[in-house]
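This briefing is meant to be read with the structure open beside it. Please take the topics in order and look up each residue as it is named.

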2 protein chains.
Amino acid sequence: MSEENRTRIVEAADELFYARGIGQVGMDAVRDAAGVSLRALYNEFPSKEDLIVAVLGKRHEMWTSGVSRKVDAIAEPRAKLLAVYDYLADWFDDGDFRGCGFINAFGELGAASPRVAETVQDHKADFQRYVDALVERAGGPASLGPQLAMLAEGAQTTAAISGTTEAAHHARAAAETLIAAAGLA
Amino acid sequence: MSEENRTRIVEAADELFYARGIGQVGMDAVRDAAGVSLRALYNEFPSKEDLIVAVLGKRHEMWTSGVSRKVDAIAEPRAKLLAVYDYLADWFDDGDFRGCGFINAFGELGAASPRVAETVQDHKADFQRYVDALVERAGGPASLGPQLAMLAEGAQTTAAISGTTEAAHHARAAAETLIAAAGLA
DNA sequence: GACTATAGAGAACGATCGTTCTCAATGCAA
DNA sequence: TTGCATTGAGAACGATCGTTCTCTATAGTC
């Protein structure tokens, strides 16, 4: 029961935080959306900061599983690198896309909450390691990893602000050029 | 006098908003930092949203003049493109660097305030046009502009979250590769 | 010097928010 | 059934915030 409450709360909070911005969402709104009592909410998450960290944790899992599903579907190591941008394209096409939740949380609360800042840093470092590993398995130089990750980063904010999906395709095209220039056929 | 008040308020607010996140800064804090009465503050900016938009406007000017100062110092059209990343490197080295103020504002308030969202969009569109113009003058293909701008975008968020300057150099290296691949010697 | 307009200092207001508390209802153990 | 622990519903609390108002002092005008 408690576990069911947790997931319902986290899912509702994630949706609200992401759509409106964390500071614009009160705990009352989370309670209403989750269909849970305020007492149950605070039983699971003793403070809003705890809830925020949990939401980011769930978002990290969604990101990680979403990216690797797309990457795992491709066999060729070089093409795996490009699959990341295909995942972005799918994501950007979601009507509710509003940028990277981690970047948004960092900009809003990174300075005020060390826990939030650290959670965001961990997420980005994890993704960087993931891309680095793909690059290595494809036989690319170590310098390629940060460049490819940065393109993904830039695509997310560009797509969020411009409101268009193009950024994913521009990023993918740039990645193809970088990969080819790195000597990966 | 009123003009002097305006600039003092905007400068103080910019520093606070950027360092702490906009929602974490009350109008009282702005008043204290600006050394101005609350009445004078509201005389110049009838609402906090007005102040936020003014702060973003000033930030846009700082960004525009900073980038073009760096770009104008270079003669060769191809090298002008890379000067953008040198500007980023300088900026990231600032101890108070905390990412792109526009991205931060968008993530925090873009959904709640159409005026903020539009101001951020205008800023990014302006920068994109600027890069596109540099690319065109260098004889590069139109597809290069979005790619270079996206690298700059990604570098800013990466540097902000990782807390390191490297991102500017990675972005610059990637830009060199993209520029070379586009046939610009 | 008297009058008026302006502005500073900060109290005050109303709303919101994170968090806790009250109270009644429920479910379970004996 | 009685007693007890748990829970839901939501009122209440204390703090903060954006904004306005009061009151006083000052400066300029006649």
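Predicted model: local features only at pLDDT ≥ 70, side-chain atom pairs only at ≥ 80, totals over all residues.

**Around DNA strand C**
- From chain A, the residues around DNA strand C are A:G26, A:M27, A:L38, A:R39, A:Y42, A:S47 and A:K48, while chain B contributes B:S37, B:L38, B:R39 and B:A40.
- Helix 3 (38-44) of chain A and helix 3 (38-44) of chain B each supply at least two residues of this surface.
- Sorted by class, the surface near DNA strand C consists of five nonpolar, three polar and three charged residues.

**Around DNA strand D**
- Here chain B provides B:G26, B:M27, B:L38, B:R39, B:Y42, B:S47 and B:K48, and chain A provides A:S37, A:L38, A:R39 and A:A40.
- At least two residues of the surface near DNA strand D come from helix 3 of chain A, and at least two from helix 3 of chain B.
- By class, the surface near DNA strand D holds five nonpolar, three polar and three charged residues.

**Between chain A and chain B**
- In the contact between the two chains, 39 residues of chain A meet 39 residues of chain B.
- On the side of chain A that touches chain B, the elements giving two or more residues are helix 1 (2-20), helix 6 (101-109), helix 7 (114-137), helix 8 (144-162) and helix 9 (166-181) of chain A.
- Helix 8 of chain A gives the largest share of that side, with 12 residues.
- The residues on the side of chain A that touches chain B comprise 19 nonpolar, 15 polar and five charged.

How values were computed. Residues numbered from 1 in each chain as written. Chains lettered and ligands numbered in written order. Near = placed C-beta within 6 Å. Helix = DSSP H or I, 4+ residues; strand = E, 2+ residues; numbered from the N terminus. Nonpolar A, V, L, I, M, F, W, Y, C, P; charged D, E, K, R; others polar. Contact = placed C-beta atoms within 7 Å.
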